[in-house]
Amino acid sequence: MSEHEQQQAPRRGKVLEALVRAERKVFTRPAPKSANAQVKFLLTRVKGSAKALAERVGTSTRTIERYRAAKLKTPQKRLQAALVEETESEWQPQVRAQAREQASTSGGMMVEVTAYFGFTCTGSSDDGRIRTITTPISPTYAKQILELQEAGATEEDLHPIVAEAITESYFTEWGTRAVGLRADFTHVQAIEFLF
């Protein structure tokens, strides 16, 4: 993929990528690894249409047919990345749905984030700084975050709700201290979610 194509391709932010990785960690079986197996699996998802799959992964129908017939085995990097992404996004939808449902109703999620946290509170003496925080997120916030992700929210849409969830569980300890504190985070260096 050329530098221009990389700039034009939509990129997910760190929070969205972390949510995708968290879903993929709940798989009970590994996704297909070979290009041939990935193509065969993806063809089942597009009702056998090589043309539809070719458009989806950005290649020719003829190339898809060759992978289906096992005449080609090793894709170029761009096609390989597209096959992996599409396969993993379609793999085990019921397992992912169950994990999302559990996180939204009873289990919540864990989050580990390294970012710049700034604070708003009357009388606060704590200046903003880079922090690494690991804390649970309540099912209420997990549900909001997952619904926003599903609705196509941007990174900027997710930051306030994730910050609010972290504030509630970590900084105010579920409302038992630091009443009125509000934390915001920017410059996310790393983030991971766990269902």
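In this predicted model, Phe117 touches quite a list of residues, even when its neighbours within four places in sequence are left aside: Gly128, Arg129, Arg131, Ile133, Ile166, Phe171, Ala183, Asp184 and Phe185. Phe117 also belongs to the largest nonpolar core, a group of 32 residues. Along with Ile166 and Phe193, Phe117 is among the residues with the most contacts inside that core.

Which elements build this core by giving two or more residues? They are the helices α2 (14-24), α8 (139-150) and α9 (155-171), plus the strands β1 (109-120), β2 (129-137) and β3 (182-194). Helix α9 gives the most, with seven residues.

As a bit of background, nonpolar side chains in soluble globular proteins tend to be buried together.

Now for helix α3, which covers residues 35-45. Its buried residues are Ala35, Asn36, Gln38, Val39, Phe41, Leu42 and Leu43. And what do they pack against? The buried residues of α3 meet α4 (50-57), α5 (61-68) and α6.

| Residue | Where | Phi |
|---|---|---|
| Lys47 | after α3 | near 55 degrees |
| Ala70 | loop between α5 and α6 | about 65 degrees |

Is Gln92 buried or exposed? Gln92 counts as buried because its relative accessible area is 10%, and the cut-off for buried is under 20%. Leaving aside neighbours within four places in sequence, Gln92 is in contact with Phe27, Thr28 and Arg29.

Ala70 also sits in a loop, the one between α5 and α6. Its relative accessibility is 34%, so Ala70 is called partly exposed: that label covers values between the cut-offs of 20% and 50%.

Definitions and conventions
Residues are numbered from 1 along each chain as its sequence is written. This is a predicted model: local features need pLDDT of at least 70, side-chain atom pairs count only at pLDDT 80 or more; totals for chains, interfaces and linings use all residues. Side-chain values use heavy atoms; hydrogens and water are left out. Buried means under 20% relative accessible area, exposed over 50%, partly exposed in between (1.4 Å probe, protein chains only). Contact means heavy atoms within 4.5 Å. Helices (H or I, at least four residues) and strands (E, at least two) are DSSP runs, numbered from the N terminus. A nonpolar core is a set of buried Ala, Val, Leu, Ile, Met, Phe, Trp, Tyr and Cys residues joined through side-chain atoms within 4.5 Å.
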